[in-house]
Every structure is written in C-alpha cells, then in structure tokens.
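Please read it alongside the sequence and the structure.

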Amino acid sequence: MSSTGLVWLALYAVGCVAAMANPVYGLVAYLFTYYTHPPLHWWGDGLPQVRWSYTIALITAGSFLAHRAGKGSLPFFSHPQYRWLAALVVISALVTPFAVDPTISSYYTTTLTKALVLSFLYAKIATDFRSYRLLVLTHVLGGFYWGLEAYLNPETEGGRLINIGGPDSDTTNNTAAHILTILPFVGYYILAVRGRERWLCLVAAPFILRALVMLNSRGSMLALVPAGLVALLLGRRRYLGRSLLALGLAVAAIFVIGGETFQRRQLTLFTYEEDYSATSRLEMWQAAIRMVQDHPLGVGGQGYDLLSPRYLPDMVEKRNVEQTVHNTYLMAAAEWGIAGLVCLLGFLVSIFVQLHRIRRTPAVTELQRRLHLESIAIEVALVGLLVAGFFVNRLYSEALYLMAGLTAALTNVAMREAKQAAEAPGVAAAPDPPARAAAGSR
C-alpha cells in the first residue's frame, strides 16, 4: 500500500470515529469519500476492496439513530421534495419486475433508494447553520481537490481532461456538470462573505475554474449562461456591480485558459449540423420519445441502453456499443415512465419553491440575510446542473441529491431562526463565527 493510500485510509478512519461522536461528521466524511474516490486514483489500488461510501453512510445512519433520542427534529416529509422522491422510488420498484432486465433495473432502484436515505440523513442531521456550513465547505474543498489534481497531475485525451471526478461523475461531461454546483458558492462567498470562507474560495476559484475549462464540456459551458443570468437576477443589488465584474473576469479567464482547442470545440455549439456528437444526440432524444410512446409505463433502469439496438440500429452498429440518451429528463421518462418524469419534475419544482420561501421571510437578523444568500447560491447551482442535464444523464447524480439535501438543511435553519426572531424581536443573531455575511438589503 502506498503512503498516499495510508494517509487516505487514516483520514477515512478519523471520519468514521468522528461520525460516531457526531453524525454530521459522518456526512462530511461521506462527501470526502465521494470527492477522493479511491478507485479513480493509482493509490487506491492497494486499498482493501471495501464499499467506502456505503460503509460511512451506514456508520452515519447508526450514529444518527444513537443520538436522536429526545431530539425532536423536524419531520422528514415536511420537506415536500422528498415526497416526490419517495414516489419515484415506489414507481421504480413497481416498474422493475417488468423491466427489460429486472436485475439491472433493481440496481437503479437501489440507487434511488440510497438517494432517499441520504436525503433523510441530510434533512434530519443538518438542522443548524454550523452543520450546513460544514457540508458546503466540504463541497467546495472537494472541487478544490479536483482542481489541484487537474493542475498537478493532468491527464488529457483529445484535448480534454480525464480521470478526475467521483463515482458517478467519472466522465468529462458529468464531472463538468458537477463542478457547476460548486462555482456559485465560491462566487458568492468571494463577493459577500467575510472571513476564512472568502479566503478559501479566493484560493480555490482559479483551480476549480481551470478544471472546468480543461474538461471542455459544451453542455456545461452553455449552462453557465442561464446560471449567470439567474445569479444576476436574484443577487442583491448591492453586489450587482461586483457580480458583473466577476462574471466578466470569469468569461475572460475561461477563454484565456482554454486556448484554441477549447474555443474551437465550444464554437461547434452554433454549427451542430457539422458536429456528429451534437447531431447524434438529437437522434438519441428522438429515440427516447418513441420509446416513451411505446412504453409509457417505463422500461426500467438502463432500459434505454438495452433497447438502443432496436431504436438506434444504425448508430449502435456503427459504434458497436449500446447507446444512452444523454438527457436527464428523457432518461427519467424512458426508464420510469411518464409518472417517473412527473415525480422528477415535482421533486425539482419543490426544491425551487422551498428556496424561494426562505427568501420570502424578512431578513431581520444577520443570519437570515446570510440564509438568503445561501438560498441564491443553491438555486444558481441547481440551474446550472439542470441545464447541463439536457445534455448528460444526471438522474442518479450525487450533486442533484446533495443540492436537495442542502435545501432541506437550509430550510431547517431558516425555520429555527424565524421562530427565534419572532420570540425575541429586535435581537439580531449572527451566523456561527467566524463566517459572517456582509450586511446588505435586496
């Protein structure tokens, strides 16, 4: 076993022990495990063959059960997005026995069930601002780690960065889509938060942005446009000038870092008829629509891929491999039927509604002003991820359910703070030191 592997194993062990002392550290250790995913690194070859994420999740769940006695935390289904997610899990379980391949489909049903359980842990454990901050900072540090990997040990193929990411984001497009959920927090913390969080993000930002550019994903770069517009629309007027300057500098940096190879690939967004990858996606989407028409109840997990030889015979024959849909929403409709797509859309709409409700609460205390800022960051991150989801499959992505979990955690904090502000009017509580949001009004 390499020294790097030993260090990783020691950190993982520390996370497991800390999780038993406090389940929120289990969530932090879970995210650490995701971002450092040993099988994607050379040093991971010498480690025992253990399901690391699953193990720390079980320890965290056990710790939560051990610590929950007498706590009286918020009911899980008070967060409406989880009702929709639970419904999607039920639908997947009903579809699986009739799937194209029930064995494969059951794996994806299990994946959705794990997402529901993990969401339960986020909602029940992260009930204060300190816990929420730990999760977000781990998210940012994970992106920083990927950025450092891309800088220190870059591996490229066809001019694109490869071999960075997590267990569900180990391809260039999927990794880029995940990074879109990190950048909004980095940007807002630089612009509006004082203290160590700002300095961390100032150091991390160039590495994270460079990794995104080197991944050279057209879908994710396109997603930056609506995400940036939403950031300007929702951002506080006090920071509008700085936001415009930051976005301008980011765009300039993207093209300087990317160089000619990056620019040439990105420009094919506007000449899709000459780009085989773009035109083939249109064929895949059309095939998904035909599949939904033929199987409105769904074909089960990975059913689209298994049926692609029937719906895309020429493409499968030419590439000699089964094809996937490259669209999150069409994947949901094809695999879990129209009802599955409705549940996914209900899940997403509920998250946005919850974020808007946080901002509808008057920002009386300093913490409430910070919560407004955090809700904007989550919303911008979701917009980026969901637009990128039109070009890649993100139905089973960690980032999607992490954003849902952060929304639940932020709602927990907002409800508690609103109650305390109502009971003690005129007392302006502050976020846990040293992180303080800069004061300002919408």
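By class, how many nonpolar, polar and charged residues does the lining of the largest cavity have? That lining has three nonpolar and three polar residues, and no charged ones. The model is a predicted one, and the points below are grouped by topic.

**Largest cavity**

- The count of cavities of 30 Å³ or more comes to one.
- The space in the largest cavity is about 30 Å³.
- Its lining consists of Ile358, Thr361, Gln368, Leu371, His372 and Ala414.
- Helix α16 (residues 366–388) provides three residues, the largest share of this lining.

**Largest pocket**

- The largest pocket holds about 1400 Å³ of space.
- It is lined by 50 residues, and Tyr107, Thr111, Pro167, Asp168 and Tyr396 are the closest to its centre.
- At least two lining residues come from each of α2, α3 (52–67), α5 (102–125), α7 (172–179), α15 (328–360) and α17 (398–423).
- Helix α5 supplies ten residues, the largest share of the lining of this pocket.
- Sorted by class, the lining of the largest pocket has 24 nonpolar, 18 polar and eight charged residues.

**Second largest pocket**

- About 1200 Å³ of space lies in the second largest pocket.
- Its lining has 40 residues, with Leu209, Ala246, Leu247, Ala250 and Val251 nearest the centre.
- Two or more lining residues are given by each of α8 (183–192), α9 (196–215), α10 (218–234), α11 (240–267) and α16.
- Helix α11 gives the most to the lining of the second largest pocket, namely 15 residues.
- The lining of this pocket divides into 34 nonpolar residues, five polar residues and one charged residue.

**Helices α1 and α2**

- Helix α1 (residues 3–21) and helix α2 (residues 23–36) have axes that come within 6 Å and cross at roughly 155°.
- An angle over 145 degrees counts as roughly antiparallel, and α1 and α2 are therefore roughly antiparallel to each other.
- The crossing in which α1 passes α2 is left-handed.
- On the α1 side the contact is made by Trp8, Leu11, Tyr12, Gly15, Ala18, Ala19 and Ala21.
- On the α2 side the contact is made by Pro23, Tyr25, Gly26, Ala29, Phe32, Thr33 and Thr36.
- The contact of α1 with α2 has ten nonpolar and four polar residues, with no charged residues.

Note on methods. Residues numbered from 1 in each chain as written. Predicted model: local features only at pLDDT ≥ 70, side-chain atom pairs only at ≥ 80, totals over all residues. Heavy atoms only, no water. Axes fitted to C-alpha atoms, helices over the stretch in contact; angles between N-to-C directions. Helix = DSSP H or I, 4+ residues; strand = E, 2+ residues; numbered from the N terminus. Parallel < 35°, antiparallel > 145°, perpendicular 65-115°, else oblique. Left-handed = near helix turned anticlockwise from the far one by under 90°. Contact = heavy atoms within 4.5 Å. Nonpolar A, V, L, I, M, F, W, Y, C, P; charged D, E, K, R; others polar. 1 Å grid on protein atoms, 1.4 Å probe; cavity = no way out; pocket = protein on both sides within 12 Å on 5 of 7 lines; lining within 4 Å. Points joined across faces, edges and corners; volume = space filled by probe spheres on them.
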